[in-house]
Amino acid sequence: MTDRRLWSNPFATRYTRPGVIAWQPTPDSPEVLLERLDRSGGRGLICGPHGSGKSTLLRHLMAAAAGRGWKTRVVAIRSRADFWPALRAIVAATGRGHWLGIDSWEKLGPAGRLLAPLAARRGGRIVLTAHRPQDGWPILLNLQPDAPTFRRLVSRLLSQVDGPGTMAAEFAPDQLDAIFWRHRGNLREAFFELYDHFERDTRSLIGEV
Amino acid sequence: MTERTAVAEALATATLPRVTVSFAPDQAEYAPGDMLETSYRVAAIDPATITAVERSVVWYTEGKGEEDFGVIFFDRLIADSSGTVSDEPTASAAADWPSGGFSIRLPSSPLSYEGLIVKIRWCIRVRLFFSSGRDFVSEHVFFLGDIPVARPLRHPVP
């Protein structure tokens with residue numbers, strides 16, 4: 001019984017939250033994206049639908065920026081009430097040695113349009129994430145996850161968690177594809193469904209159900 | 001036991017250290033207020049390459065929502081140039097560097113819990129710092145309390 005209790009669910013947020021999932025190979029490495037950011041005047045936008053990996057990519061960019069010695073910070077916007085923290089962060093990120101990421105920019109609503117010109121003039125490097133293109137912000141990357149990427153992520157998550165590790169056989173490629181499309185490419189929601197699968201299956205395997 | 005390490009670390013080192021933890025009295029289940037007595041051994045690595053060892057006892061949540069955690073014990077052992085250990089409030093490891101042990105009294109909560117959408121896990125965490133600047137984290141789960149494993153409802157609540 002004890003052994004069973006040690007099974008970690010590889011789809012828990014502990015393993016899937018932004019910054020934890022490893023960088024996925026794309027034509028644009030974080031370094032390339034930072035170069036592109038500089039060519040676009042230090043402003044850039046990562047856009048893509050819900051759960052497409054925008055926050056994860058933002059954390060990877062932050063790590064790459066920190067590796068260059070820049071002073072980095074990410075502000076996560078949860079509602080319009082975060083207008084003031086966003087404003088303070090923008091004001092503080094003055095000069096080329098600063099890199100600021102603002103996650104879920106569109107949640108600021110119309111107030112975001114007031115902050116955008118200020119952010120553009122501060123001189124630091126600023127990257128926003130949003131679901132759609134934003135006026136005046138160059139697009140660094142438009143994320144559109146696909147089923148093969150999802151399968152690759154699942155395989156990586158399963159492999160990094162100790163324990164019996166037999167779940168890989170439970171998820172056939174077509175099953176994973178069906179989950180991916182059921183959630184319309186929302187990786188976060190797809191991981192949540194796999195989390196539930198894992199909990200059900202591990203409990204049934206040991207006769208708990 | 002769960003061991004985690006950065007992928008970059010795994011790729012950068014041909015061999016990873018092996019950390020084993022022993023619980024006294026030879027079990028990993030404790031009641032609230034019990035003394036947790038533990039020893040750990042670090043193997044498969046040259047001790048001279050280790051500059052510091054952090055030992056901690058933590059609890060954390062694991063599930064579908066936001067995470068939470070608490071630290072009830074933490075210390076950091078540092079190897080100086082002569083190979084001795086400093087900053088060591090519960091010294092018992094100096095002679096066997098980087099292996100060692102410690103004991104603490106466990107709190108009354110939170111109790112270990114194996115739920116469907118959230119779990120509460122307790123673990124001993126041993127983190128090794130190398131002269132290269134890299135680090136390696138090893139976690140060893142134990143149980144506080146004896147809350148039964150949660151089971152899914154057989155019939156949905158109307």
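Student: Which strands does α3(A) lie across?

Tutor: α3(A) lies across β1, β4 and β5 of chain A. Its direction is at about 145° to β5(A). Keep in mind that this is a predicted model.

Student: What does α5(A) touch on the sheet?

Tutor: α5(A) packs on the sheet and touches β2 and β3 of chain A. The direction of α5(A) makes about 165° with that of β2(A).

Student: How do I read the sheet itself? What is the strand order in chain A?

Tutor: Start with the general idea. Strands of a sheet pair through backbone hydrogen bonds, in either a parallel or an antiparallel sense. Now the case here. Chain A has an open sheet of five strands, ordered β2-β3-β4-β1-β5, with parallel pairing.

Student: Why is one side of β2 and of β5 of chain A left without a neighbour in the sheet?

Tutor: β2 (71–76) and β5 of chain A stand at the edges, and each has a single partner strand, so one side of each lacks a neighbour in the sheet. From one strand to the next, the twist averages 15°.

Student: Take one pair. How many bridges join β1(A) to β4(A)?

Tutor: Five bridges join them, and the two strands run parallel.

Student: Next, the core. Which residues of the largest nonpolar core touch the most other members?

Tutor: General idea again. In soluble globular proteins, nonpolar side chains tend to be buried together. In this model the largest nonpolar core has 31 residues, and A:Ile46, A:Leu61, A:Val127 and A:Leu128 touch the most other members. Several elements of chain A each supply at least two residues of this core, among them α3 (30–39), β1 (43–47), α5 (83–92) and β4 (125–130). The largest share, five residues, comes from α4(A).

Student: What does A:Leu128 touch, leaving out residues up to four places away in sequence?

Tutor: A:Leu128 touches A:Leu45, A:Ile102, A:Trp105, A:Gln134 and A:Trp137 on that count. There is also a second, separate core of 20 residues, including B:Ala28, B:Tyr40, B:Ile50 and B:Phe136.

Student: That takes us to chain B. How many helices and strands are in chain B?

Tutor: Chain B has one helix and eleven strands. Along the sequence the pattern is β-α-β-β-β-β-β-β-β-β-β-β. Of its 158 residues, 24% count as buried. Among chain B contacts with a separation of 6 or more, 60% join residues 24 or more positions apart.

Student: In what sense, parallel or antiparallel, does β4(B) pair with β8 of chain B?

Tutor: Antiparallel, over six bridges, with β8 spanning residues 100–105. There, B:Leu36 has B:Ile104 as its bridge partner. β2 (residues 18–24) of chain B is also antiparallel to β4(B), joined by seven bridges. B:Phe23 stands opposite B:Thr38 in β4(B).

Student: Last, the domains. What does the domain assignment of chain A give?

Tutor: It gives domain 1 (2–7 + 145–205) and domain 2 (30–142). Their C-alpha centres lie 31 Å apart. Six residues from domain 1 of chain A and five from domain 2 of chain A make the contact. The domain 1 side has two nonpolar, two polar and two charged residues.

Methods. Residues numbered from 1 in each chain as written. Chains lettered and ligands numbered in written order. Predicted model: local features only at pLDDT ≥ 70, side-chain atom pairs only at ≥ 80, totals over all residues. Core = buried A, V, L, I, M, F, W, Y, C linked by C-beta atoms within 7 Å. Buried ≥ 20, exposed ≤ 12 C-beta atoms within 10 Å, placed from the backbone. Helix = DSSP H or I, 4+ residues; strand = E, 2+ residues; numbered from the N terminus. Contact = placed C-beta atoms within 7 Å. Domains from an automatic or database assignment. Nonpolar A, V, L, I, M, F, W, Y, C, P; charged D, E, K, R; others polar. Pairing = 2+ DSSP bridges. Axes fitted to C-alpha atoms, helices over the stretch in contact; angles between N-to-C directions.
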